[in-house]
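Please read it beside the sequence and the model.

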Amino acid sequence: MIASSVSEAGRLLRSGETTALALLEDALDTASRTEAQLHAFLTIDSDGAREMASQADADLADGIDRGPLHGIPVALKDNMCTRGVETTAASQMLAGYIPPYDATVVARLRSGGAVITGKTNLDEFAMGSSTENSAYGTTYNPWDLSRVPGGSSGGSAAAVAAGSSLLAYGSDTGGSIRQPAALCGVVGMKPTYGTVSRYGLIAFASSLDQIGPFARTVEDSALALSSIWGHDPLDSTSYPGPYPDPTAALDRGVDGLRVGVVTELSGEGFEPAVEAATADMVARLEKGGVEVSEVSLPTFDIALSAYYLIAPAEASSNLARFDGIRYGLRVDGSTTEELMARTRAEGFGPEVTRRILLGTYSLSAGYYDAFYGQAQRVRAAIQEDFARAYAEVDVLVSPTSPTVAFEAGARVADPLAMYLSDICNIPANMAGHPAISVPVGLDDAGLPIGFQVMAPALGEEVMYQVAAEVERLAAFSLSPPAHGAAS
Amino acid sequence: MSWEPVIGIEVHVELMTASKMFCGCAVDFGGAPNTRVCPTCLGLPGALPVPNRTAIESIMAIGLALGCSVSERSVFHRKNYFYADLPKNYQISQFDIPVCSDGHLDIGVDGETRRIGIERAHMEEDTGKSTHLGSGGRIQAAEGTLLDFNRSGVPLVEIVSRPDIRSATEARVYAQELRAVVAELGVSDVRLEEGSIRFDANVSIRPDGEEAYGTKVEVKNMNSFRSLERAVDHEIRRQIELVESGGLVVQETRHWDEEAGVTHSLRVKEGSSDYRYFTEPDLVPMVMSPEWVAQIGDRLPELPAERRARYQSQGLEPGAAGSLSNLDDRLRVIYDEAVELGAPPRAVANWLTGEVVGWLRKSETAPDQLRLGAPDLAELVSMVDEGAVSSSAAKDVLDGVLSGEGSPREVAERRDLIQVRDTGALEAAVEQVLGANPKAVEELRAGEDKVLGFLVGQVMKATQGKADPRTVNQMIRDRVSG
């Protein structure tokens with residue numbers, strides 16, 4: 001690899017030691033070596049990327065500097081609309097679908113000089129925790145090709161871990177960035193709800209979805225976030241500002257900060273290696289000057305259940321538009337209703353179908369109050385729990401995932417086991433808070449373990465402050481076996 | 001047994017904002033299909049709605065004009081149902097917290113004022129349009145369907161009345177009055193034929209004196225006030241006949257067939273449809289501050305009811321006040337200005353609602369092309385009043401003025417329509433008529449006043465209609481009694 005981080009690549013670009021084109025070819029090279037095994041990408045747009053890289057080089061030569069991502073290869077989860085480039089959400093429903101417009105995040109990346117290399121694999125419509133629900137085949141974990149990369153943004157996580165992209169973006173509705181980041185040993189971050197525009201992100205659950213970055217370092221993650229966030233008039237739920245500076249406190253250390261360890265995110269279902277790595281990092285932080293306390297958030301125990309009522313409910317409505325009438329797959333029928341029903345039956349995979357049915361049920365007359373209504377009350381209670389906790393501590397920490405990467409196929413037949421993969425991640429989505437996963441070590445089998453740092457809404461500055469310290473203390477080396485020559 | 005009809009009306013008003021409810025596409029009629037569309041109103045993956053502030057202000061104005069309270073906080077909901085011309089397969093609408101609630105509209109029927117309650121007015125978006133091919137427009141037999149999404153996302157206000165309407169006539173008058181209010185606000189072009197205002201009626205019957213409502217039937221597809229009245233009337237009679245012959249009214253939607261003059265069943269509702277309403281997560285709650293509401297309230301124009309009351313206070317009969325109030329804005333301004341100039345309100349109103357409207361219709365002239373200033377009309381009225389022209393000649397004068405021949409006096413002079421009021425000039429004619437009709441003179445002297453008209457008529461004839469009848473009248477009386 002020419003550069004091991006965005007910040008390093010930026011320095012080399014600006015000093016003339018490398019070019020955007022060289023960085024791109026390096027990434028494409030890695031992809032060509034690893035893709036057959038990993039299948040992280042659904043589309044690699046080499047031609048488009050080369051054009052963007054050439055433009056980035058020409059701009060720099062002309063003295064035009066578009067910011068930290070200028071000339072940096074970036075991969076996008078294939079649920080973000082890219083004008084002129086196929087966008088499928090890993091569904092048969094959108095096979096061959098070419099959006100006529102760019103998502104706001106994509107537009108910002110383009111104007112920031114980033115080089116978009118391609119579209120990464122995901123669980124269909126971002127529903128899943130292993131990337132096995134893709135209609136176009138599973139993505140595998142660069143650390144162990146028999147294992148899953150996590151999901152739903154597994155393609156983006158695997159691409160960054162393997163070095164086929166220096167940076168990638170995913171979306172996190174209930175852990176879909178942090179969990180795969182943990183399983184692939186990279187830094188994955190979900191921003192405060194409303195800070196990154198959802199315009200052009202193919203919706204799963206609108207009140208929970210948020211785009212965020214995958215990076216090799218905490219600093220890169222902060223740079224990648226500041227390059228895409230900010231108010232967007234095209235998204236009514238967009239936060240108008242002011243915005244914190246994610247990079248402001250990276251070097252400040254953690255002396256005097258109060259860190260709460262979440263009681264509920266331990267014990268049954270958590271692998272010993274994961275618990276040990278978490279406890280070890282907490283101990284090191286304490287040595288580093290933080291005030292550690294154990295904090296109980298009882299609603300975390302029911303957050304997963306509430307999530308599986310709210311997210312599918314919104315999904316059942318969001319995915320109603322895929323009906324074969326205007327775009328995407330069409331399976332003909334003798335009436336309009338039959339056409340729609342056949343298209344949807346054929347176009348959606350089993351997990352998407354399951355969630356649409358679940359969501360439709362929970363919104364139905366007579367069940368609404370017991371299901372969707374009750375789940376909204378739980379959501380409010382989670383927010384109150386968080387508020388109580390953040391009155392006492394600056395950040396909350398936990399494992400990112402109760403387990404390391406699991407074997408492909410292991411949980412396919414057991415949706416509940418699959419859903420439990422995200423148990424540590426869902427509370428932050430339900431509250432709309434930022435959270436980040438930082439790799440802290442490997443288990444005995446050499447599989448990465450992630451450490452999660454949660455902060456209150458708009459608390460990205462302190463969240464990155466702690467994450468940077470975790471990164472320094474862990475001194476984790478991103479060197480997956482499938483990473484090959486670049487490691 | 002005697003039955004009482006119970007009717008509620010749902011009105012959909014398309015707002016004529018510059019852009020659609022949730023995107024920047026233009027709101028307009030006509031044009032090639034699917035030319036006013038974008039990712040949002042086509043329901044493309046990833047597209048999001050952004051509310052139109054002007055539309056919110058329009059519904060606030062409608063609500064305030066109907067005496068509704070405007071909610072300080074209002075929420076959009078998704079109404080979920082699958083239909084080919086509904087791009088997202090849900091409609092962004094409102095459910096339990098509409099923008100406006102609890103208002104009323106007063107209507108005048110048979111000289112009585114009836115207050116019809118307004119339950120709510122809420123904001124939503126329109127659907128696209130389906131055209132079924134090769135089937136006489138019927139979906140069941142269609143060979144294909146064309147979809148046009150130009151209308152998709154046009155802002156719609158739904159106004160729901162309480163079931164306070166008791167007859168087909170009241171239903172029509174309610175609809176007409178509501179349309180007049182919305183037209184006055186200038187927020188919609190309220191054209192029934194183009195569907196920019198649409199009326200659906202919920203009709204049920206109950207035995208006189210019964211409190212509980214009967215089963216209601218929704219009647220759709222009325223595209224004129226007359227068809228609304230006919231459809232409701234037909235539906236009331238259908239239900240009475242059905243119940244009296246031992247049948248039961250079923251809850252259903254019925255389609256009004258204008259040609260056949262009947263309603264026929266469209267779909268039977270099994271319970272209420274389950275639209276799985278839930279809060280639209282792509283939008284944040286709307287906040288209507290008291291200051292904003294007050295600002296909209298201050299900008300409300302004079303509403304039809306207020307205007308009719310003002311006209312009546314100026315001396316107009318209720319009927320005349322209503323006719324004048326319904327006139328084009330341009331004509332009403334002429335009325336106001338002429339009255340301001342001192343012209344008698346009743347006469348001015350009569351001229352405008354009668355002759356002027358008739359002339360516009362006959363000459364197919366738009367009101368804004370009218371060549372009639374308030375001073376002209378005031379002058380004409382005063383010329384008739386002082387007898388300078390007869391009332392029949394005045395119509396010719398008006399015609400001349402409207403045709404651009406000049407002021408009333410100029411036209412009257414040019415067309416030689418000024419009445420002779422100079423007694424000296426009329427002397428000879430009066431003498432001659434009295435001399436030629438001694439018998440009539442005798443009868444008049446004996447107190448038979450009815451021959452006076454005959455004698456005046458003779459003088460008018462002798463002067464080719466140019467004499468002022470009132471002057472002639474007085475001259476004859478003077479001669480006969482003198």
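What share of the contacts in chain B with a separation of 6 or more comes from residues 24 or more positions apart? The share is 68%, where a contact means C-beta atoms, placed from the backbone, within 7 Å. The model is predicted: local features need pLDDT of at least 70, side-chain atom pairs count only at pLDDT 80 or more, and totals for chains, interfaces and linings use all residues. Residues are numbered from 1 along each chain as its sequence is written, while chains are lettered from A and ligands numbered from 1 in the order in which they are written.

**Chain B**
- Chain B has 15 helices and 16 strands (DSSP runs, H or I of at least four residues and E of at least two, numbered from the N terminus).
- The C-alpha trace of chain B spans about 95 × 55 × 50 Å along its principal axes.
- Of its 482 residues, 40% are buried (20 or more other C-beta atoms within 10 Å of the residue's own).

**Contact between the chains**
- Chain A contributes 34 residues to the contact and chain B 26 residues.
- On the chain B side, 16 are nonpolar, 5 polar and 5 charged (nonpolar: Ala, Val, Leu, Ile, Met, Phe, Trp, Tyr, Cys and Pro; charged: Asp, Glu, Lys and Arg; polar: the others, Gly among them).

**Helix pair in chain A**
- Helix α2 (residues 20–38) and helix α3 (residues 46–61) of chain A pack at about 155°, with axes 8 Å apart (lines fitted to C-alpha atoms over the stretch in contact, with angles from 0 to 180 degrees between N-to-C directions).
- α2(A) and α3(A) are therefore roughly antiparallel (over 145 degrees).
- Residues in this contact include A:Leu24 and A:Leu28 of α2(A) and A:Ala49 and A:Ala53 of α3(A).

Conventions: A residue is buried if 20 or more other C-beta atoms lie within 10 Å of its own, exposed if 12 or fewer, and partly exposed in between; C-beta atoms are placed from the backbone. Two residues are in contact if their C-beta atoms, placed from the backbone, lie within 7 Å. Angles under 35 degrees count as roughly parallel, over 145 as roughly antiparallel, 65 to 115 as roughly perpendicular and the rest as oblique.
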